[in-house]
Amino acid sequence: MKKKCFPQLSIFIFFFFIPFSNSLDYRQALSDSLLYFETQRSGRLPYNQRVTWRHHSGLTDGLEQGVDLVGGYYDAGDNVKFGLPMAFTVTMLSWGVMEYGEYIAGAGEYGHALEAIKWGTDYFIKAHTQPNVLWAQVGDGDTDHYCWQRPEDMTTSRQAYKIDEKNPGSEVAGETAAAMAAASIVFSKTNPHYSHLLLHHAQQLFEFGDKYRGKYDKSVGAARRYYPSVSGYHDELLWAALWLYKAADNQSYLNYALQNALSFGGITWAISEFSWDVKYAGLQIIAAMLLREEKHKVHKPTLDQYLFKAEHYICACLNKNNGTNVGRTPGGLLYTRQWNNMQHVSNAAFLLTVYSDHLRQSNQQLNCHEQSVGPDEILSFAKSQVDYILGSNPMATSYLVGHGPKYPTRVHHRGASTESYKHNKGFIGCTQGYDSWYARPHPNPHVLIGALVGGPDKNDRFRDDRGNYVQTEACTYNTAPLVGVFGKLYGLENAEFSSKASLVSSW
C-alpha cells in the first residue's frame, strides 16, 4: 500500500470543508501516542529510552522453556504479554505508517514510529522459534491480577505458552503473520534485509496457521479469560492473506482471500465493529480498496461483495444504515460496549480516515441506503471522534493521558501508579502494592503519556478512579490506530507541510 500525500492545493480546498480547532494539537498528540509504547516495553530497555521512570523487566522470560522471550509489550495495566493483541497493535501501527508516513515524518516522529513497530517485530522473531511453533503468551493473567507490582519487581508466574501442530492457534498465527507482513512493507525501503526476514516469518506463520487450523484459546487456556477468540480464526486468515498479498505481491495470497471469501465469512459477515478479535471490517476495506487498481478488475464480482460489506461498516459508523448502526453517546462518541469502548472508537476513526482517502483518490462517493456520502463528510466525522478523545466532550477531559489541561490521573496501571524503580529500588511485594499504592486516593506518581483509556460510559460520564478499570485502563491497541490518524490530521492542519520530509534510514 503506497503512502499518500495530497498536493497543497487539495489541502487548501479541503480546509474549506473541514474546520480545524486551534485548541487541539495533533502533532503533540502524535508525539504523546508514540511515547506510550516506550512505557509498555518489556525486556532490557535501550539507551535512548525516553520514559525514564521505567527500567528493565522480564529478563528471564522464556528461561524455563529454554527459549529467549525477552522483549515485546505488556498489553495494558498488567504485566502479561498476550500475543494476539500485541500482534494487532503492531499491524495497526504499521498500517498507519504505510498510509501516513510522510505526515508522521513531517512531524519529526517517523523514527519513533519505526522503533515502536520494531520493538514488537523483534519479539515476534524470537517467539517464532520453528516454522510451526509460536510462543503466544508470557505470564498468567490470574496470578498477575492477584498482585499489584511494577514490572521491575514482579514475582508472578512467567510461564510461557506456545502453539504448535498438536496445539494449533490460527488466530494468533494469522495475526502475527499479518503484523510481520505489514511491518515488512514499512521497512522495505529503510531496511530491506530486515523487511525480507519479516516477510519470511510471516509466510511461514500463515502457512502454519492455515495448515493446522484451530482456536488459539483452546490451546492457550491462560488467554481464554482475557483475550478469548469470539469471531474464530477465519477472519485472521483472510486478514493475513491480504497483508501478505500486499507485502509479497504474490497472486496466491489474493486467490486465497477470493476463494475463501464465502466460506470464511469475508463477504457474508456485515460487522459494525473492528478490534483485536474481529478483523472482518478491516479486511473488507482492504479488499474493497483493491478495486482502485486496474489489474484487480478481473476479480470485480468477489471484490464488489467485499466492498458491500466494507461500506456497511462505514455507513454503520456514520449512522446511515437502514438497520444496524453503531450507537452514540449524547456527546456524539461512537459507543459499542461498556468495557474499554475507546478501542472501537480509535479503530473506527482510523478505518474511516483511510476509506475517505480511498474515495477521494478514486473520485467516488459512499452509498448508504440510497444516501450519497462524500469523503469530506466521512473524514469530518472521523475527526470529530478524535477531537472528542482529545477533550472536545461534555466532561472537557482528554482521554489521551497527558494531553491537554485535563486528563485521567489515576489510570489503572501497575507501573504508573507505583513509585519508580529508579528512585526506589526497594522491593514491593505482591499484595504490598495493593496496600501501599493501588488504594491511594492520590494521582499516580507517573503520567502515562499517550495512553488511551477505556473512556466514558454511554452517557458521556467518566470516573477517574484506579479501581474503575473498565474506564481507566489503557491498552496498546487503543492507541495504535491513532498514530496514523494523528499524523493525517497534523498534515492536513499544516498546509505548508512538505511531502519531501526525509525518512529515517537507520533501521
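## Tyr 227 and Tyr 477

Tyr 477 has a relative accessible area of 4% and is buried. The model is a predicted one. Tyr 227 is likewise buried, with a relative accessible area of 5%. Among the 26 aromatic pairs in the structure, Tyr 227 and Tyr 477 make an edge-to-face pair, with 6.0 Å from centre to centre and 85 degrees between the planes. This pair links distant parts of the chain, 250 residues apart. Tyr 227 sits in the loop between helix H8 (216-219) and H9, while Tyr 477 belongs to helix H17 (residues 476-493).

## The pair of Trp 239 and Phe 274

Trp 239 is in helix H9 and Phe 274 is in the loop between H10 and H11, so parts that are 35 residues apart in sequence are tied together.

Trp 239 and Phe 274 also belong to one aromatic cluster, together with Phe 88, Trp 95, Trp 243 and Phe 350.

## The nonpolar core

In soluble globular proteins, nonpolar side chains tend to be buried together. The largest nonpolar core here has 158 residues. Trp 95, Trp 239, Trp 243 and Leu 366 touch the most other members of this core. Helix H3 (residues 83-106) gives the most to the core, with 14 residues.

What is Trp 243 in contact with, leaving aside its neighbours within four places in sequence? The residues are Thr 91, Trp 95, Met 98, Ala 178, Ala 181, Ala 182, Ile 185 and Ile 286. Of these, Trp 95 is also a member of the aromatic cluster that includes Trp 243.

The structure holds 25 salt bridges. One of them joins Glu 236 and Lys 279, with the closest N and O atoms 2.8 Å apart. Glu 236 lies in helix H9 (residues 234-248) and Lys 279 in the loop between helix H10 (251-259) and helix H11 (280-289), so the bridge ties together parts that are 43 residues apart in sequence. Are the two partners buried or exposed? Glu 236 is buried at a relative accessible area of 0%, and Lys 279 is buried at 0% relative accessibility.

Salt bridges that share partners also join Asp 357, Arg 360, Asp 376 and Lys 488 into one network.

## Charged residues of helix H4

Lys 126 and Asp 68 meet through their side chains in a salt bridge of 3.3 Å, N to O. Lys 126 is in helix H4 (residues 110-127), whereas Asp 68 is in the loop between helix H2 (26-39) and strand S1 (81-82), so the pair ties together parts that are 58 residues apart in sequence. Lys 126 is partly exposed, at a relative accessible area of 31%, and Asp 68 is partly exposed at 41%.

Within helix H4, Asp 122 and Lys 118 are four residues apart, a separation of about one helical turn. These two residues form a salt bridge, with 3.1 Å between the closest N and O atoms. Asp 122 is partly exposed at 29% relative accessibility, and Lys 118 is partly exposed with a relative accessible area of 21%.

## Charges over rings

Lys 118 also lies over the face of Tyr 194, at 4.8 Å from the ring centre. Arg 41 is placed over the face of Trp 119, at 4.5 Å from the ring centre.

Definitions and conventions: Residues are numbered from 1 along each chain as its sequence is written. This is a predicted model: local features need pLDDT of at least 70, side-chain atom pairs count only at pLDDT 80 or more; totals for chains, interfaces and linings use all residues. Side-chain values use heavy atoms; hydrogens and water are left out. A nonpolar core is a set of buried Ala, Val, Leu, Ile, Met, Phe, Trp, Tyr and Cys residues joined through side-chain atoms within 4.5 Å. Buried means under 20% relative accessible area, exposed over 50%, partly exposed in between (1.4 Å probe, protein chains only). Helices (H or I, at least four residues) and strands (E, at least two) are DSSP runs, numbered from the N terminus. Contact means heavy atoms within 4.5 Å. A salt bridge is a side-chain nitrogen of Lys or Arg within 4 Å of a carboxyl oxygen of Asp or Glu. Rings of Phe, Tyr and Trp (its six-membered ring) pair if their centres lie within 6.5 Å; planes under 30 degrees apart count as stacked, over 60 as edge-to-face and the rest as tilted. A charge sits over a ring if NZ of Lys or CZ of Arg is within 6 Å of the ring centre and within 35 degrees of the ring normal.
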